[in-house]
Amino acid sequence: MFASKEELGWDPTMKRIKDSDQFIITVRKEDGTELLFRTIKLLSHVSAQALFGRASRVWECELVDDQDNVIEPGPFAIKDTWIDASRQREGSILTAIRELGTPEERELIQKYTLSVRCHGDVYIGGRKDSTVCDAGNRK
């Protein structure tokens, strides 16, 4: 083989639970800490099979520890998607929106928008994974 699994597109942050349709998904937060989520069910995979696009999937999940014990039952939603390197992250946008307006407006905004537990990028080999082709920067 001439490429690693990761170079072929394998995402090491998603580990399938044996004999199950569930996954353990590692989310690396902006501060570098990692949280583990166990998927409960797939909520959406509308564009996941498309040749072009963001290949988004949305999972219902719960927060677990490294022994797969539930820490917070949720439900939480994880959106797994390809993001252009130049785009602002959806988690940052949602967090900023929820802080807008007067206290009365903020109360309404928070009532009708998603709250962000955490968000982050996929890191492979200590480097942020990206949609930018960096073939010249390989080891």
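This is a predicted model: local features need pLDDT of at least 70, side-chain atom pairs count only at pLDDT 80 or more; totals for chains, interfaces and linings use all residues.
Trainee: Where is T39 found, and which residues does T39 touch?

Mentor: T39 is found in strand β3, residues 34-44, where strands (E, at least two residues) and helices (H or I, at least four) are DSSP runs numbered from the N terminus. Leaving aside residues up to four places away in sequence, T39 touches D21, Q22, F23, I25, W59, E60 and C61, a contact being heavy atoms within 4.5 Å. A polar atom of the T39 side chain also lies 2.7 Å from the backbone nitrogen of F23.

Trainee: How many aromatic pairs does a search of the whole structure find, and what makes the pair of F23 and W59 edge-to-face?

Mentor: The search finds 2 aromatic pairs. The ring centres of F23 and W59 are 5.3 Å apart with planes at 65 degrees, and since rings of Phe, Tyr and Trp (its six-membered ring) pair if their centres lie within 6.5 Å, with planes under 30 degrees apart stacked, over 60 edge-to-face and the rest tilted, this pair is edge-to-face. It links distant parts of the chain, with F23 in strand β2 (residues 23-28) and W59 in strand β4 (residues 57-64), 36 residues apart. F23, at 17% relative accessibility, counts as buried, and W59, at 5%, counts as buried too.

Trainee: What are the distance and the angle for the pair of F37 and F76?

Mentor: F37 and F76 form an edge-to-face pair, at 5.7 Å centre to centre and 75 degrees between the planes. This pair links F37 in strand β3 with F76 in strand β5 (residues 70-80), distant parts of the chain 39 residues apart. F37 is buried at a relative accessible area of 3%, and F76 is buried at 16%.

Trainee: Why is L100 called partly exposed, and where is its place?

Mentor: L100 has 48% relative accessibility, so L100 counts as partly exposed. Its place is in the loop between α1 (90-97) and α2 (103-112).

Methods
Residues are numbered from 1 along each chain as its sequence is written. Side-chain values use heavy atoms; hydrogens and water are left out. A polar contact is a pair of N or O atoms within 3.5 Å; within protein, one must be able to donate a hydrogen and the other to accept it, and residues adjacent in sequence count only if both atoms are side-chain atoms. Buried means under 20% relative accessible area, exposed over 50%, partly exposed in between (1.4 Å probe, protein chains only).
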